[in-house]
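The sequence and structure come first.

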Amino acid sequence: MRKTKVKITFLVILVGISSMLAAVVTDHWAVLSPRVERLNTTCEAAHFGLWRLCKKSIFIVEEDPQGKGCGPISLPGVKNCSYFKHFTSGEEAEVFEVKTQKEYNISAAAIAIFSLAFMTLGSLCLLGAFGKGRDYLLRPAGMFFAFAGLCIVISVEIMRQSVKRMIDSDETIWIEYYYSWSFACACAAFTLLFLSGISLLIISMPHMPRNPWETCMDAEPEPID
């Protein structure tokens, strides 16, 4: 029964790992849009993730039914992507630092790396637990996966605050935003990995007696002098 529970949890963890990797390596966490004052003009929307910012020039022919912003981002246009220079100087880095609170993105990226590290350690422990007599590895595996989920949800909150600061700042042109599929993958990864980690911790707990008499009856009788 325990092996079946572990195998089911392992399948859920695989989905969580896939969601985590998709969130970390892609750049569709948030889509930003400036105000469009008139039609038949070119506007510049953007989407970004932990590592890269992509700007897209879109020629607007008709109003966006969802608002007055530039988009939707799926419209054809010229796309230009650049990686954030988190640890080096450069023109793009300086612009990004002033306009989007660069420290937010550095923090989110760093915590995401910790999340990947916890996820890797948890995977190694879980794979080792499938060996005979290695059930004790289930507990550290559960802890590592729970920590990985907590780290990625912290990254999600930091990115959310970063987007909010961009929209509220007077120095930026963005007026509208929405969270995209990479953000959804990160939220799914948190849910799946955290709950799976808790499940592994519960599975690894020693068997509890169904009633208090079970332990007493299993105990060795004391010798009578």
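## Fold

From the N terminus on, the order of elements in the protein chain is α-β-β-β-β-α-α-α-β-α-α. That gives 6 helices and 5 strands. The model is predicted.

## Burial and contacts

The protein chain has 225 residues, and 39% of them count as buried. Its accessible surface is about 13,600 Å², with 63% belonging to carbon and sulfur atoms. When contacts between residues at least 6 apart in sequence are taken, 66% of them join residues at least 24 apart.

## Aromatic pairs

A pair of aromatic rings is described by two quantities, the distance of the centres and the angle of the planes. There are 7 aromatic pairs in the count, with centres within 6.5 Å as the criterion.

One of the pairs is Tyr179 with Phe183: the ring centres are 4.3 Å apart and the planes lie at 20 degrees, so this pair is stacked. The cut-off for stacking is under 30 degrees. Tyr179 is partly exposed, at a relative accessible area of 28%, whereas Phe183, at 12% relative accessibility, counts as buried. Tyr179 and Phe183 also belong to one aromatic cluster with Trp29 and Tyr177.

## A pair within helix α5

The rings of Phe190 and Phe194 are also stacked, because their centres are 5.8 Å apart and their planes are at 25 degrees. Both residues lie in helix α5 (residues 181-203); they are 4 residues apart, so about one helical turn separates them. Phe190 counts as partly exposed at 24% relative accessibility, and Phe194 counts as partly exposed at 25%.

Methods:
Residues are numbered from 1 along each chain as its sequence is written. This is a predicted model: local features need pLDDT of at least 70, side-chain atom pairs count only at pLDDT 80 or more; totals for chains, interfaces and linings use all residues. Side-chain values use heavy atoms; hydrogens and water are left out. Helices (H or I, at least four residues) and strands (E, at least two) are DSSP runs, numbered from the N terminus. Buried means under 20% relative accessible area, exposed over 50%, partly exposed in between (1.4 Å probe, protein chains only). Contact means heavy atoms within 4.5 Å. Accessible areas come from the Shrake-Rupley method with a 1.4 Å probe; for residues, only the protein chains shown count as cover. Rings of Phe, Tyr and Trp (its six-membered ring) pair if their centres lie within 6.5 Å; planes under 30 degrees apart count as stacked, over 60 as edge-to-face and the rest as tilted.
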